[in-house]
Amino acid sequence: MITFRQKGDFSNLSGFLERAKETVNLGILNKYGRAGVAALSSATPVDTGKTAASWTYEIVRQNGGVSIEFHNTNVQRGIPIAIILQTGHATGTGGWVEGRDYINPAIQPIFDKIAKEAWEEVVKK
């Protein structure tokens, strides 16, 4: 005769499985973070190349959700260069340099891939 006795609950196992699930999801987010940085770097207008090389990403967990934030660390005299390339800026002599929308077209395909993969997980049987 075989007997089985169990003491306690499965909270440790459940916690482990939840952490493992988060790790898998974070791996997917890391993949898209790297892809977003590559897309933004290649789309950034190049003069010296410093702004293109200054893209980073961060995975942020907040209020039960997870998001990817993209940042550009090239800041000159308090001015974020990636943003003024996107929106335009005044010159020191009173002129205006028109901005160029390079961020949105570069990152939109990444967002579309994330949405597609998430939807595939939702409808997976």
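**Close-up views of a predicted model**

**View 1. A nonpolar surface patch made by W119, V122 and V123.** Together these residues show about 330 Å² of accessible area (Shrake-Rupley method, 1.4 Å probe, with only the protein chains shown counting as cover for residues). Patch members have over 30% relative accessible area and no salt bridge, with like charges joined within 9 Å and nonpolar side chains (Val, Leu, Ile, Met, Phe, Trp, Tyr) within 5 Å; a salt bridge puts a side-chain nitrogen of Lys or Arg within 4 Å of a carboxyl oxygen of Asp or Glu. This is a predicted model, so local features need pLDDT of at least 70 and side-chain atom pairs pLDDT 80 or more, while totals for chains, interfaces and linings use all residues. Numbering runs from 1 along each chain as its sequence is written, and side-chain values use heavy atoms, without hydrogens or water.

**View 2. W119 in helix α3.** The helix covers residues 103-123 (helices are DSSP runs of H or I, at least four residues; strands are E, at least two; both numbered from the N terminus). W119 is exposed at 55% relative accessible area (exposed is over 50%, buried under 20%, partly exposed in between; 1.4 Å probe, protein chains only).

**View 3. P80 in strand β4, residues 79-80.** P80 is partly exposed, with 34% relative accessibility.
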